[in-house]
Amino acid sequence: MSIARIEVIVREGGRHVRLSGRWTLATTSQRAAGLADELSRIADPASSWDCLELEAIDSAGAILLWRAWGRALPLQLSIRPEHWRIFERIDTADHEPRAAMVPISPLRGAMIIGTAVIGIGRHLIDFVALVGQFGLNLAHVVRYPADLPRREISANLYKSGVRAMPVTALVGFLIGVVLSYLSALQLKQFGADIFIVNIIGLGLVRELGPVLVAILVAGRSGSAMTAQLGVMRVTEEIDALATMGVPQGLRLVFPKVVALTIVMPLLVLWATAIALIGGMLSAQLQLDISYGFFFQTLPRVVPASNLWIGLVKGTVFGMFVALIACHFGLRVRPNTESLSSNTTASVVSAITVVIVIDAVFAIATRHIGLPL
Amino acid sequence: MISAIMTTTPVIRIRDLCTRFGDIWIHRQLDLEIQRGELVSLVGGSGSGKTTLLRMVVGLLLPDSGSIEIFGEPLFGGGVVRERDLRQRFGVLFQQGALFSAFNVFDNIAFPLRELKRYDEDAIHDLVMLKLSMVELLPRHGKLMPAELSGGMIKRVALARALALEPELLLLDEPTAGLDPDRSDSFVRLIRMLGEELGLTVMLVTHDLDTLAALSTRVAVLAEQRILAYGTTEEIMQVDHPFIRNFFLSERSVRALQNSGLAAVL
């Protein structure tokens with residue numbers, strides 16, 4: 001393949017430039033900058049250009065020349081007709097009206113803040129509408145029990161409940177072991193060994209169990225729900241459902257929220273139990289506290305109301321994680337960027353909301369279940 | 001003249017290709033050669049492995065056995081740089097366009113040029129504007145996102161992107177699928193015009209007879225796991241085979257061929 005060549009013959013009345021070889025992307029792109037420099041050095045209005053020896057020229061090569069010529073055809077140009085077409089094209093493209101630039105407004109700062117505030121407002125309104133829709137669906141199902149989307153609820157129970165059991169168990173167990181181990185180190189110093197049961201019991205049952213499971217479920221099922229709804233929007237499946245007269249609220253959002261609301265307290269119970277076993281094991285190894293003693297003391301120092309608080313928390317967390325996941329899932333626009341940003345937003349918001357709700361619970365239940 | 005043709009390497013050379021999905025043979029000892037400057041339509045019933053063959057030619061799928069050479073070189077092996085350079089010599093137009101949904105039209109077309117890392121933004125801007133005008137779009141369309149485009153525009157933008165690196169070979173998967181007859185006609189006209197102007201070799205998969213009749217210099221019929229017949233449209237129509245008869249001589253097909261002036265052969 002012959003490369004792009006430039007020959008310059010200086011004559012009276014101006015330069016004569018003869019171009020030859022292949023002026024294509026493959027042959028010019030490697031040294032595009034060098035060629036552009038060379039061309040702009042020799043290009044002046046008095047030069048005459050001879051392109052008859054060109055073997056081939058494509059748009060990349062033509063643009064290179066066009067820019068050197070100052071975006072117009074030179075006065076003296078000889079070129080073969082088959083190569084002429086490309087310059088015609090460039091000329092047309094150059095004279096098409098430019099896309100109008102949007103001027104930057106002096107109030108840009110205020111506009112950014114305003115847009116953000118309106119955006120948050122929209123989120124809130126949409127979320128309230130989603131919760132309202134859920135309430136209406138619930139009322140509808142109570143009135144027409146036959147419309148209950150049993151299959152979907154069951155599928156969601158399995159996907160976000162049963163399939164989450166191994167990971168919640170593993171994390172719960174390890175947290176139980178770690179918490180027990182670290183507390184044991186401190187308690188040993190004060191000789192307050194038996195209080196390990198209080199610390200682990202209260203901490204896990206009332207606080208860590210529900211929050212831990214909620215965070216895991218938000219990352220696991222929340223993201224999956226958002227992505228699923230998002231892709232259904234991208235592939236127009238949601239529109240297809242709507243045209244079949246299947247209400248998206250009842251068929252897509254309702255089963256997810258119901259399933260997660262049912263399954264979360266169960267997962268909390270499961271994870272807390274495993275975490276307690278982990279703590280018990282660690283306490284036995286570290287502090288020689290027997291399993292029997294642990295079992296006897298636990299109900300005494302951790303009143304049952306703590307368990308109820310933990311389960312109620314789990315229920316509320318589950319409902320919110322699912323609602324937030326659906327909220328963001330239904331906001332996905334049909335492009336990959338929107339899908340990824342909404343999935344991220346879904347998980348981050350769900351975890352934040354879980355922790356905020358947890359704080360509210362902590363204040364609201366501060367007089368309940370603490371044996372002091 | 002004849003000796004010149006003999007010595008040029010075919011742009012695509014497929015030899016002894018065999019593909020199997022599970023127990024089902026898709027291709028069995030399939031051979032095909034496409035010479036420079038030809039516009040070859042690959043036709044065949046649905047499920048006959050047309051798209052699979054196209055995906056193998058561009059290196060997205062691997063055949064079970066056999067060889068595929070593009071410009072006389074194998075698709076794989078010889079290091080990352082060689083493989084990349086070879087892939088820059090052909091452009092692919094996917095059935096759904098496969099535009100990057102996170103980029104606008106301008107950035108979609110600019111993407112392959114930016115990946116080259118040899119042009120500054122000004123030159124890329126000029127090149128993209130030129131490509132846009134080649135596919136008969138306006139500069140203001142550059143700001144649109146793929147989600148805002150109509151089906152015909154998606155195809156045009158995808159074509160512009162496929163042409164961004166000045167390929168010698170263009171592969172089209174169902175270029176007119178999903179377009180109304182009007183747009184499909186104008187898109188076919190655009191492909192033919194650009195093909196002639198840029199001296200492209202084109203291989204397209206289609207089952208639209210209008211497209212086939214208007215575009216191709218040659219037709220390859222894929223049936224019974226191999227290339228059943230390969231030649232000009234007139235030659236193919238002489239072949240006596242149930243699939244070919246069915247495909248070309250049904251009432252609908254005759255109408256399409258009449259429109260393109262080929263019916264005289266019948």
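The answer below starts with the helix pair and then widens to the chains.

A: Happy to! A word on the ground rules: this is a predicted model, in which local features need pLDDT of at least 70 and side-chain atom pairs count only at pLDDT 80 or more, while totals for chains, interfaces and linings use all residues. Residues are numbered from 1 along each chain as its sequence is written, and chains are lettered from A and ligands numbered from 1 in the order in which they are written.

Let's begin with the helix pair. Two packed helices are described by the angle between their axes and the distance between the axes. Find helix α5 (residues 108–143) of chain A and helix α10 (residues 248–287) of chain A: their axes are 10 Å apart and the packing angle is about 95 degrees. Axes here are lines fitted to C-alpha atoms, for helices over the stretch in contact, and angles run from 0 to 180 degrees between N-to-C directions. α5(A) and α10(A) are therefore roughly perpendicular to each other (under 35 degrees would be roughly parallel, over 145 roughly antiparallel, 65 to 115 is roughly perpendicular, and the rest is oblique).

Which residues meet there? From α5(A) come Leu130(A), Gln133(A), Phe134(A), Asn137(A) and His140(A), and from α10(A) come Gly249(A), Leu250(A), Val253(A), Phe254(A) and Val257(A). Two residues are in contact if their C-beta atoms, placed from the backbone, lie within 7 Å. By class, this contact has six nonpolar, four polar and no charged residues (Ala, Val, Leu, Ile, Met, Phe, Trp, Tyr, Cys and Pro count as nonpolar, Asp, Glu, Lys and Arg as charged, and the others, Gly among them, as polar).

Now step back to chain A as a whole. Chain A holds 13 helices and four strands; helices (H or I, at least four residues) and strands (E, at least two) are DSSP runs, numbered from the N terminus. The C-alpha atoms of chain A fill a box of roughly 110 × 60 × 45 Å along the principal axes. Its radius of gyration is 35 Å, whereas a compact globule of 372 residues would have one near 21 Å (taken over C-alpha atoms, with a globule rule of 2.2 Å times the number of residues to the power 0.38). The domain assignment lists domain 1 (5–95) and domain 2 (148–364) in chain A, with bounds from an automatic or database assignment. The C-alpha centres of these two domains of chain A lie 68 Å apart.

Chain A also touches chain B, and 24 residues from chain A and 24 residues from chain B take part in the contact. On the chain A side, α3 (59–68), α4 (81–95) and α13 (336–364) each supply at least two residues. The largest share on that side, five residues, comes from α4(A). By class, the chain A side has nine nonpolar, seven polar and eight charged residues.

Finally, meet the partner. Chain B has 11 helices and 10 strands, and its C-alpha atoms fill a box of roughly 55 × 45 × 45 Å along the principal axes. With 266 residues, a compact globule would have a radius of gyration near 18 Å, and the 19 Å of chain B agrees with that. Buried residues make up 40% of the 266 residues in chain B, while 34% of the 372 residues of chain A count as buried (buried means 20 or more other C-beta atoms within 10 Å of the residue's own, exposed 12 or fewer, and partly exposed in between, with C-beta atoms placed from the backbone).
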